[in-house]
Amino acid sequence: MRALITGNEAVSTAVRLARVELIAAYPITPQTSISEKLSQYCSEGTLDADFVKVESEHSAMATVIGAASTGVRTFTATSSQGLALMHELLHWSSGARLPIVMANVNRALGAPWNIWGDQSDSLAQRDTGWLQFYCESCQEVLDTTLMAFAVAERVNTPVMVMLDGFILSHTAEPVQIPEPDAVDSLLGGGPSPPALVDPENPRTLHAVTSPDHFMEFKHHQFQAAAGAEKVSVEVAEEFGKIFGRNYPGTEEFMCGDAETILVASGTAAGTVRHVVRKYREQGKKVGMMRVRMFRPYPFDEVRRIVSGAKRVAVLERAISPGSEGTMAQELRSAAYSAGGGPQVYDFVAGLGGRDIVPEDIERMLELVENGADKLQRVNWLGLKE
Amino acid sequence: MQTTDYTKNKDLKTESFGCGNLACPGCGETIAMRGVLNALDGDAVIVIPACCGSIIDGLFPFSKARVPVLHTPFATAASTAAGVLHGLRRRGNKHTTVVAWAGDGGTYDIGLQALSSTVERNEDFLYICYDNEAYMNTGIQRSSSTPLLAWTTTTPEGDLKKAPKKNIIDIMSAHRIPYSAAATVAYPDDLVAKVRRAKSTPGSKFVNILAPCPTGWKSKPSLSVKISRLAVRSNVYPLYEVFDGERLVLRDNPDPVPVGKYMELQGRFHGLSEQEVELVQRHVDHAWEQLRKRADEII
């Protein structure tokens with residue numbers, strides 16, 4: 001079935017199809033309509049789940065931690081300040097190895113207040129142990145949310161699915177709605193997480209762990225997150241076989257012979273792809289790499305894609321003040337890890353929901369190809385000052 | 001007072017909370033834990049936020065508990081317990097009592113928001129606050145449960161606590177939850193009866209258990225039970241229950257001892273002047289009179 005739905009509706013639909021058993025969430029713009037739709041599903045019985053209406057995102061994550069510990073499939077959703085409030089529990093849930101799935105509708109963090117989209121909220125959580133996937137379309141949001149449950153439950157690690165605030169969360173696109181049976185075949189037809197809290201088999205979980213043991217816990221967690229790259233690829237392949245839609249961890253668009261590769265993630269990739277096509281028509285060797293899987297970071301894959309290019313320009317919808325854009329840091333780490341590698345330039349654009357327009361991308365291309373000597377470590381696109 | 005119920009389980013091998021824990025000598029928390037778990041016949045899941053309890057049970061890979069224990073961050077005892085509750089019930093377990101087990105810091109202070117929300121939804125769980133009246137696990141810092149004029153490391157001599165102890169039972173009963181109660185380790189039958197009442201009551205239940213802390217109260221470990229008895233006998237800590245946020249049942253104390261008798265056994269009150277002890281007495285007398293006026297039943 002094909003339906004015209006928003007990104008947020010795509011999330012709610014995926015959660016319904018995944019037969020999630022417990023949801024805990026707190027309202028925040030632009031996430032709220034996910035929770036509203038899920039409340040409706042629970043109320044009308046199209047989703048047999050407990051929806052716990054908590055008083056904060058901190059409690060939302062705590063509640064899904066408690067429930068996931070008993071082995072039920074759980075979900076929450078948030079944005080921005082809400083994700084920041086959860087921060088403590090993001091570390092806790094990944095350390096507890098719970099396969100929680102969360103949608104984060106990307107939104108800027110204050111001050112000053114801003115409700116529109118940028119990726120500074122989720123990129124700031126990169127070290128929490130959560131896997132992160134960034135989506136470009138409503139279809140991808142739905143499909144990635146479904147795959148997130150499979151990945152999370154296979155590696156016992158929580159997964160965050162990102163969609164750009166308003167640009168995707170509140171924009172309706174035609175989306176293919178999977179059949180429930182097909183989703184069941186991907187997700188095993190029911191909940192599968194282990195019941196760690198079980199009165200029949202009492203365990204003490206997450207007790208104080210001394211320096212004698214703590215590192216081994218973290219090493220296991222690290223290995224699981226690293227191993228999630230292979231698992232994510234496998235899940236995407238299974239998904240492709242069932243549904244005919246394929247999602248590589250990193251999308252390559254005309255990168256093969258590209259001298260300049262533009263790097264983007266989220267909805268900005270659509271604009272970049274448009275500009276790349278236009279330049280290709282003019283005979284310019286330009287390509288785009290779209291970061292979809294950000295945690296685990298696919299170092300080898302990224303290095304393979306960019307190693308043949310002369311230069312790489314990273315388009316960031318986030319900034320780490322005092323440093324540079326997060327995406328550029330990761331990319332440099334991948335591109336230079338084997339020595340050599342292309343020149344990497346960092347561009348910040350679209351903060352707080354400002355439009356990223358084709359002219360921004362063209363300006364970026366012009367600068368890296370003909371004006372690199374004028375570039376700084378971080379370059380701001382579309383500033384009015 | 002009889003104590004048969006409390007010590008019913010004499011087989012240490014089947015005690016829900018085994019021996020060999022890491023508590024300080026004379027710790028009220030462990031006495032309370034033993035009483036609560038025995039009252040629940042060991043059919044419980046314990047959710048413990050940051051507090052002395054997160055150490056006492058043992059460091060990985062050791063645990064003294066024979067029931068599931070889920071350690072959880074400081075502010076989340078109630079909200080994590082709510083998640084466990086929904087998870088267990090969905091998995092078909094309709095009988096196990098989910099217990100949030102927090103200190104006064106995790107209850108009166110950092111966990112209050114989550115607690116308020118969870119009992120407002122009337123989640124079917126039991127919240128136990130073992131109340132030792134300060135942040136003891138971090139080394140005796142004042143909480144909003146610390147009593148008037150008590151010494152702590154953050155209310156040092158010359159700057160003793162100026163605010164009286166927060167009344168958590170008032171806060172809980174203002175949510176109109178089915179059951180809230182004050183208990184202490186000196187009256188085990190009363191404690192067990194209250195926990196049993198809580199277990200058989202659907203919805204949110206809250207029991208505050210005064211749990212002396214010799215380390216923080218600067219008292220002799222051998223006197224913990226005596227001190228908590230004096231807390232009740234001096235009216236510093238009245239034993240009462242509130243049903244549905246309305247009906248208040250108070251255990252009477254016809255012949256109260258002066259608060260000085262309670263305070264003199266604790267180093268945290270040493271050095272107070274007669275006038276200061278008198279000030280505490282006036283606070284205690286006033287609160288007791290208010291409670292008696294409010295009581296629907298005095299037993």
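Reader: What is the mean pLDDT of chain B?

Author: This is a predicted model, and the mean pLDDT of chain B is 95. A pLDDT of 70 or more is reached by 96% of the residues in chain B.

Reader: Where in chain B is the pLDDT below 50?

Author: That applies to residues 1-5 of chain B. Beyond near neighbours in sequence, this stretch has 11 contacts in the model.

Reader: Which residues lie on each side?

Author: Thr97(B), Val99(B), Trp101(B) and Gly103(B) are on one side, while Val98(B), Ala100(B) and Ala102(B) are on the other. Both faces of the strand are covered. In a regular strand, side chains alternate between the two faces of the sheet.

Reader: Which strands pair with E3(B)?

Author: Strand E1(B), residues 44-48, runs parallel to E3(B) and is joined to it by 4 bridges. Strand E4(B), residues 126-131, also pairs with E3(B) in the parallel sense, over 5 bridges. Ala100(B) is the bridge partner of Val47(B) and stands opposite Tyr127(B) in E4(B).

Reader: Now chain A, please. Which residues of helix H10 are buried?

Author: In H10(A), residues 299-306, the buried ones include Val302(A), Ile305(A) and Val306(A). Seen down the helix axis, the buried residues fall within an arc of 85°, so they line one face of H10(A).

Reader: What do they pack against?

Author: They pack against strands E10, E11, E12 and E14 and helix H11 of chain A.

Key. Residues are numbered from 1 along each chain as its sequence is written. Chains are lettered from A and ligands numbered from 1 in the order in which they are written. This is a predicted model: local features need pLDDT of at least 70, side-chain atom pairs count only at pLDDT 80 or more; totals for chains, interfaces and linings use all residues. Side-chain values use heavy atoms; hydrogens and water are left out. Buried means under 20% relative accessible area, exposed over 50%, partly exposed in between (1.4 Å probe, protein chains only). Helices (H or I, at least four residues) and strands (E, at least two) are DSSP runs, numbered from the N terminus. Two strands pair if DSSP finds at least two bridges between them. The arc is that of the directions from the helix axis to the C-beta atoms. Contact means heavy atoms within 4.5 Å. pLDDT is the predictor's confidence in each residue, from 0 to 100.
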